[in-house]
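Please look over the structure below. A short report on selected local features follows.

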Amino acid sequence: MTANESGGVFGNRGRSMTGDEHRAWRQLVGKAFTAKRVTAMRPRIEAMAEHLVEEMVAGGAPADLVSGLGFPLPVWAICDLLGVPDGDRDRFACWSDTMLSMTRFTQEEIDAAQAEFDAYLAALVDAKRKEPGDDLIGELLAIVEGLGGRLTEQLLIGTARGLLVAGHETTANMIGKMMSMLLADRGRWEALLAGRTLIRSAVEEALRFDANPGFGMPRYLTEEVSVSGETLPKGGLEEVPVRW
């Protein structure tokens with residue numbers, strides 16, 4: 001499955017949250033991700049998407065949709081959400097690509113990327129604490145400090161890392177897969193051009209359908225388990241479907 005025994009970022013080398021800590025974390029995320037904040041980001045994301053498309057057009061044919069739009073747009077949006085300076089966004093994309101690779105990098109390279117990413121986030125959190133801004137990290141810091149120590153700064157950094165990993169690659173890949181699905185039947189693309197009101201439902205349908213409906217994360221049993229009267233042997237493989 002991967003070139004690394006740990007499973008890379010998909011491995012389970014970290015500690016899982018349980019009980020009160022997990023409830024506190026959900027409270028943190030729920031307060032930060034409001035409809036107001038997300039709606040306020042929309043004009044900036046649309047402007048960046050138009051800018052990236054204009055650059056592709058200006059560069060002439062052929063153009064690479066993935067490198068020109070699919071990957072830079074979501075990482076830009078996440079960096080905008082977190083308050084990351086424009087000059088550092090290429091570094092974010094590089095870290096994400098390394099941490100999520102299944103075969104291209106060694107475990108040492110993946111560990112180094114994660115260490116660099118965490119160090120950067122720690123410094124960014126410290127800078128935001130000294131000079132708060134109108135961004136998610138600043139808001140999360142205020143909430144964390146108001147929770148009386150129930151959540152650590154490390155958890156805040158983990159949340160930011162999760163946003164990059166979960167929000168960057170999945171969105172970038174879906175942009176490419178969606179375009180592929182539309183162009184597989186040229187009539188779908190032409191229908192959207194003729195009726196722009198179809199765009200929202202087309203996006204929802206593409207997300208529902210997905211180009212990889214059978215993808216899942218395999219989990220191996222470390223010990224014999226009994227479920228509903230059936231014994232599952234140690235070392236057995238269970239395919240757990242992923243729903244984004």
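What is the relative accessible area of E205, and is E205 buried, partly exposed or exposed? The relative accessible area of E205 is 41%, and E205 is partly exposed. The model described here is predicted.

## The pair in helix 10

E205 has a salt-bridge partner, R208. Their side chains meet at 2.6 Å, N to O. Both residues belong to helix 10, which spans residues 199-209. They sit three residues apart, about one turn of the helix.

D126 meets R129, side chain to side chain, at 3.8 Å from N to O.

D126 and R129 both lie in helix 6, residues 107-130, three residues apart, or about one turn. D126 and K130 are four residues apart in helix 6, so about one helical turn separates them.

Accessibility can be given for each member. D126 is partly exposed at 31% relative accessibility. R129 is partly exposed as well, at 35%. K130 counts as exposed, with 62%. Across the whole structure, a search finds eight salt bridges.

## Helix 2 against helix 4

Helix 2 covers residues 35-59, and helix 4 covers residues 72-82. They pack at an angle of about 145 degrees. Their axes are 10 Å apart. The crossing of helix 2 and helix 4 is right-handed.

Which residues of helix 2 and helix 4 meet? From helix 2 come R37, M41, R44, I45, M48, A49 and L52. From helix 4 come P72, L73, W76, A77, D80 and L81. The residues of this contact divide into 10 nonpolar, no polar and three charged.

F71 is placed in the loop between helix 3 (65-70) and helix 4. F71 is partly exposed, at a relative accessible area of 25%. Setting aside residues up to four places away in sequence, F71 touches V66, H168, E169, A172 and N173.

F71 and H168 are 97 residues apart in sequence. In space, C-alpha to C-alpha, F71 and H168 are 7.2 Å apart.

## V225 in strand 2

Where does V225 lie? V225 is found in strand 2, residues 225-227. V225 counts as partly exposed, with 29% relative accessibility.

What does V225 contact, leaving aside its neighbours within four places in sequence? The partners of V225 are E230, T231 and L232.

Methods:
Residues are numbered from 1 along each chain as its sequence is written. This is a predicted model: local features need pLDDT of at least 70, side-chain atom pairs count only at pLDDT 80 or more; totals for chains, interfaces and linings use all residues. Side-chain values use heavy atoms; hydrogens and water are left out. Axes are lines fitted to C-alpha atoms, for helices over the stretch in contact, and angles run from 0 to 180 degrees between N-to-C directions. Helices (H or I, at least four residues) and strands (E, at least two) are DSSP runs, numbered from the N terminus. A crossing is left-handed if the near helix is turned anticlockwise from the far one by less than a right angle, and right-handed if clockwise. Contact means heavy atoms within 4.5 Å. Ala, Val, Leu, Ile, Met, Phe, Trp, Tyr, Cys and Pro count as nonpolar, Asp, Glu, Lys and Arg as charged, and the others, Gly among them, as polar. A salt bridge is a side-chain nitrogen of Lys or Arg within 4 Å of a carboxyl oxygen of Asp or Glu. Buried means under 20% relative accessible area, exposed over 50%, partly exposed in between (1.4 Å probe, protein chains only).
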